[in-house]
Each structure stands twice: as structure tokens, then as C-alpha cells.
Amino acid sequence: MAVPERKAQEALEARLAGLVLPEGGCLDKPRKEALARLTEMGLPQRRDEYWRFTRPDTLIQPEPLPARVFDNDEVPVFSSIDRLKIVFVDGVFDPEASDDLELEGVRIDRIADICDKDIHWAKDLYGVLEERGQHPVARPLAALNTAFARDGLAIHVTRTPSKPISLVYVHASETSDAILHHIIRVEPEAELTLLENGPAAARFNKCIEVDIADGGKLHHVRAQGRDHERRAVTHMFSRLGARSVYKSFTLTVNGVMTRNEQIVEFTGDDALAHVAGACLGDGDFHHDDTVFVTHDALNCESRQVFKKVLKNGAVGVFQGKILVNQKAQKTDGYQISQSLLLDGDSQFLAKPELEIYADDVACSHGSTSGAIDEESLFYLRSRGVPEKDATNLLTLAFLAEAVDEIEDPKLAEDLLERLEAWLARRS
Amino acid sequence: MLEIKNLHVQLEEEDKQILKGVDLTVEPGTVHAIMGPNGSGKSTLSYVLAGRDGYEVTEGTATLDGESLLDMEPEERAAAGLFLAFQYPVEIPGVGNMTFLRTAVNAQRKARGEEELSAADFLKLVRERAKALKIDADMLKRPVNVGFSGGEKKRNEILQMAMLEPKMCILDETDSGLDVDAMKLVSDGVNALRDAGRGFLVITHYQRLLDHIKPDVVHIMAKGRIIKTGGPELALEVETNGYADILNEVA
């Protein structure tokens, strides 16, 4: 074991050599603590249980591999939605391209400003959920994020705003290495829709900590950018109070490496969390959804729905866990991960896990992997639909079951139309 | 219109001959019925004509208006005017019935070099045709055949036929799983489509359906061949005496 440990140590030192810890202000403490966590954990290595299916190499190496900016004349996703738009270019806030950070019922600040403005809730949240989420599974890249992120937003929702907040991540430089950290606090009975889209950078490390108070709601819909060579590791840590609702959906099309982690913790009774994702990978594409849901309260419902369409050697990974602690009676936990393999070269690796200590719960999980259904394909073709179109129709139908998890039908429709167009273009 | 000559078919996976020289000609404006005991090859004939995988044609031809069907992809056969109403219509979760119909109609129009139907024209047409088959808006919205009863699935097949307006319609045991009322609805739907330019091949076990859809010619199929051909009275004979007499007579 001595050799890999030394290697891990060297990898960490090499990575840290290229980073500068932001200094000054009230975030010094959480940042230093996060760095200490990271130093103790070390960077992820292939032998780590939760990195067996996804090579961490390109995510941890000191310099990112370059990624070309994907040039296209498409109108970006969510453009037709009435929204408050906030733009980051290669991980840096761009005030020129953004709307004024003003929205009734919501206060939005950059994390760089929360100390000067003495924003208590933010100081008390930064790094806290990330730290809680390090057990029992280590998430070193989230700790790295907490320590080194220089930009990001603190979003405080006290009343339900009239429109969604839309974060747009522009990728401009072929060698950008962006680290962003957002914190969101939703107060009791308030509701926010958060949209995210764009490739963000050549390499993107993003962390969001979401604290939802009793009766609060957060709807999160994200479309990760289509730049083929971009790499991303993202973490969403959410803590749910009583009767609260957290719904998150992610669409991923292209991207050579994506690792999306969702860490959900129920702390209040009668709350609900749905996390879902749909991805479409062709060729050099590796997509990993890693989910950990902890039920620590009564009568909560969690639901995980993940669908992956893979072809030409694309790889999909799903690692999903539901942990039900002893006091979390009446838990309703559900998990499904499915892949549609459009050829024999692609692969799907799934690791569903249930760990249950309460006796009065309903938990189920399932995972499937299959090709296009031949019966359905023939039926469509016998009605005159050409094979390619029929395959696209069935592929879209497969993904639609995940997209339908989005509560707002307009947002779901928008994404389905995009998917349809992208599918048609590819075939 | 449909001309099948000396058609020999075996399963691709195993060396088993299913059709052993079928000869059949359906003229425009006529309804032909094929009856026969289980395992005689009736359904295989319909699948081979529609282009389903898993069968190998070892001998013979099948043409539609002189064009060889057997060289075409299933979608090309459909665009050429062939339609198969399935014995077991397939459920397709996630694809709305309406989307399915519109995609199919427009794909065929496109393949024939015709202009696609506008959304409004399509909607008007589908509503009108659905109404005649007592198919409500909810059935049009639901995913294709998902959660449909047996009768609803068969009515949905006839709706597709009505929308696609094929030249040659093959109905594979469309009466199976239908109660009396549904049988009437389905038959009315089929009869409404009868005209001088269209041919029908109705595959069935029972005379019952032929009371509603009156055939011009009845064929008896057994062991991969058509062994007897006659008028509507042949179906009545089968109804009364079963297949045994006919089989003996031919043997």
C-alpha cells in the first residue's frame, strides 16, 4: 500500500502547487478547514471504492486538458424563459452580461462580498453541508472546491420570486480551470427555481450547498454544455427541513468527462426529494451520476430517476445509495437507473445500494440495460417511419421518462424539443 | 395488386419451413379472407409481407403493383401502400399516439414525394377519423397502446389504417380479443375504407368476422399452402364442419 499512498500524496502536492488559497475575511476558517479535510483525505484515486468506474486522473491533475469551445449558432437553452440571468465566463462572474442582481424576495451576493456585508446565514452555511457530506463517503474534490473557490453566489430566498434565477456558464478559454461555489438558503414556505446551463470551462469544479427550511421548495433544472472535450465534476449538497421539497434534474449531452454528485439529507419530517438525470453520449463520453440520500426524519420521500443513452463506446456510470437511519420510519425511497445501449461498444456500470436500519419503510431500486426494442422498432417501421427516425423516436421516449420528472411542463417541453433536434442532427 | 407466387419461407434461426409455396392474387377492390388451423402459416405470411426480421424467403416472389416487396425495407413497403394490422399491437411507452400517427403519416408522404400535412390539417383529419371509431381525445394523447384494452388496441390499428390510407391492407386476426360491440366498430371502420382501388387480406380463425366484413374470396391455408379457394360459402362450411373435411378432401 505504500506506493499508491505516496502517489496520492504526490498528486495532492502537485495539484495544490497550482492553487492559491484566497485569504482574508470570514471565509478563512471554512476554507482552511476544507483544505485540512482535503489534505487528510487526499485526492481521489482509482482504488477508491467510489472511483472504481470513473478515472479521476483528468479531474485531479494540476493543469486541465485543453477543451475547444464548441461553436454553434443555436439559441442557448432557457433563453425563451422569463428569468433573472447571471453569467459566469470561465468561472468568473460577468456583470456586463448579467442582469442586475435584483429580484424581489431574493437577495443575491457574490461570495467574495459576504464577509464585508456581514451576511450571517451565508457565513454559517459555507462549507457546512459539504463537510457533513464527507461521511461516510469522502468527496475530496468538493473539499478542494470549498477551499479554493473564488467566485460563486450566495442566494437568499425569503419570499417566492416572480421568475427563476438562471445561471449561464460560458466557456471562452480552451484551458480554463474554473472553480465555483454557490450557497443557497430557502426560507420557510418560499420557493425558488434555479436554472443552470452551459459548459462553464475546459475543466469545471462546481459545488452548490442548498439549505431548505421548513416548507421551502427548490426546483433545479440544469443543462450541461455540449462542448465535446469539456470536463466537469459537480456536487450538490442539500439539506431538507420539514415538509420541504427539492427537485433536481440534469440533462447532459456530450462532454468527455462528467461526474455529477448529489448528496441529499433529510433532517425534517414529511419532506420530498427527487433527483433525476438524462444523458446522451456518443463516442468519447464518460458520464457518472453518484447519488447519496440520507433519510434521517420521518415520512420522507426520495426518488432517483436516471436514464442514459450511450453509443459508439460511450460509458455511463450510476452509483446511487439510499441510507435509511433507524429513526426514519415511513420512508419511501425509490431508485431507478436505466441505460439504452445503441451498439455493442458502449457500456453502463450501475451500483445501486440500499442501507436500511428502520423497519417500517418502503424502498425499492432497479437497474436495467438494454438495446432498442426490436418489436417497437418494427411496429414503427411498418407504419412507414424510417429506421433512423424510429430509433430517434424510441430514444427520445426513453429519455422523456426522466425529463418528465421536471415539474414545470414548459421547462420539460423546452428540453425535450432540444433533445429531439440534437438526436435528428446526429443520425 | 398483391401478387404472391410460389412463396417459400423458413425461419432464420432454425431450419424449419413455414410457407411451402403460397400462391395468391388480390385484385383492387376485393376482400380476400384466409382461414386455417393454428400453425398453418397465416401470421407468418403477414409478417413476411410486412418485412419482419427472422424469416428467410427461399423461393418465390411477392409484388405490390408489380414492385417486389421482398427487396424493400419495412418502411418502404408501407410507403408503397402496404399496411399490416397487427394481431398483437405493440405498446410503446413514452411515444404519444398523436405524435406516432403524425410521424407515420408525414414519413409516408415524404417518402412518396408529397408535401407533409400541416399540424392543423392533420389534427382535423385525425379527429374526424377517430370519432368514427369512438376513439376519444384521451386515447390519442396517451402513449401508443399503453394501458389500452384489447378492443382499444384493435380500434387504434384501424385508426392508423384510416389515416395512412394504404392500397393493400392485411388484417391479422383483428377479431381476436374483441367482444361483439368492438367487432362491429372495427368492422365498420374497415368497411368504410373499402373502395375500388383498395385490396384487403383478412386473416381469421372464425367466420364471425366475415359476417361483418364480407369477403369476395375465401382461402383455406394449411401446412404452409393454400389448399382450397372459394367464395364466402367456404367460410360457412368451415364454421359448420371445421377444417377436418377440407383437409381430408385435399389429402
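Modeller: Let me begin with the residue classes: Ala, Val, Leu, Ile, Met, Phe, Trp, Tyr, Cys and Pro count as nonpolar, Asp, Glu, Lys and Arg as charged, and the others, Gly among them, as polar. Please bear in mind that this is a predicted model.

Colleague: How is the lining of the largest pocket divided among those classes?

Modeller: The lining of the largest pocket has 14 nonpolar, six polar and nine charged residues. Among the residues nearest the centre of this pocket are A:Leu393, A:Glu420 and B:Thr99.

Colleague: What makes a residue part of the lining, and which elements supply the lining of the largest pocket?

Modeller: A lining residue has an atom within 4 Å of a pocket point, and 29 residues line the largest pocket. Helices H8 (387–403) and H9 (409–426) of chain A, with strand E7 (92–96) and helix H3 (97–111) of chain B, each supply at least two residues. The largest share, eight residues, comes from H9(A). The volume of this pocket is about 1100 Å³.

Colleague: What is the volume of the second largest pocket, and which residues lie nearest its centre?

Modeller: Its volume is about 530 Å³. A:Asn72, A:Pro76, A:Asn197, A:Gly198 and A:Pro199 lie nearest the centre, among 26 lining residues. E6(A) gives the most to this lining, with three residues. By class, the lining has 12 nonpolar, seven polar and seven charged residues; A:Gly198, near the centre, falls in the polar class because Gly is counted there.

Colleague: How do you know how much area the two chains bury between them?

Modeller: The size of an interface is often given as the accessible area lost when the parts come together. For chain A and chain B that area is about 1900 Å², 66% of it on carbon and sulfur atoms. In chain A, A:Phe378, A:Tyr379 and A:Arg383 lose the most, together 42% of what that side buries. The contact takes 16 residues from chain A and 30 residues from chain B.

Colleague: Why is the pair B:Glu75 and A:Arg381 called a salt bridge?

Modeller: The term requires a side-chain nitrogen of Lys or Arg within 4 Å of a carboxyl oxygen of Asp or Glu. The closest N and O atoms of A:Arg381 and B:Glu75 are 2.6 Å apart, so the pair meets the cut-off. Between chain A and chain B the count is four salt bridges.

Terms used
Residues are numbered from 1 along each chain as its sequence is written. Chains are lettered from A and ligands numbered from 1 in the order in which they are written. This is a predicted model: local features need pLDDT of at least 70, side-chain atom pairs count only at pLDDT 80 or more; totals for chains, interfaces and linings use all residues. Side-chain values use heavy atoms; hydrogens and water are left out. On a 1 Å grid over the protein atoms alone, a cavity is a set of points where a 1.4 Å probe fits but cannot get out, and a pocket is an open set with protein on both sides within 12 Å along at least five of seven lines; lining residues have an atom within 4 Å of a point. Grid points are joined across faces, edges and corners, and a volume is the space filled by probe spheres set on the points. Helices (H or I, at least four residues) and strands (E, at least two) are DSSP runs, numbered from the N terminus. Contact means heavy atoms within 4.5 Å. Buried area is the accessible area (1.4 Å probe) that two parts lose on being put together, summed over both.
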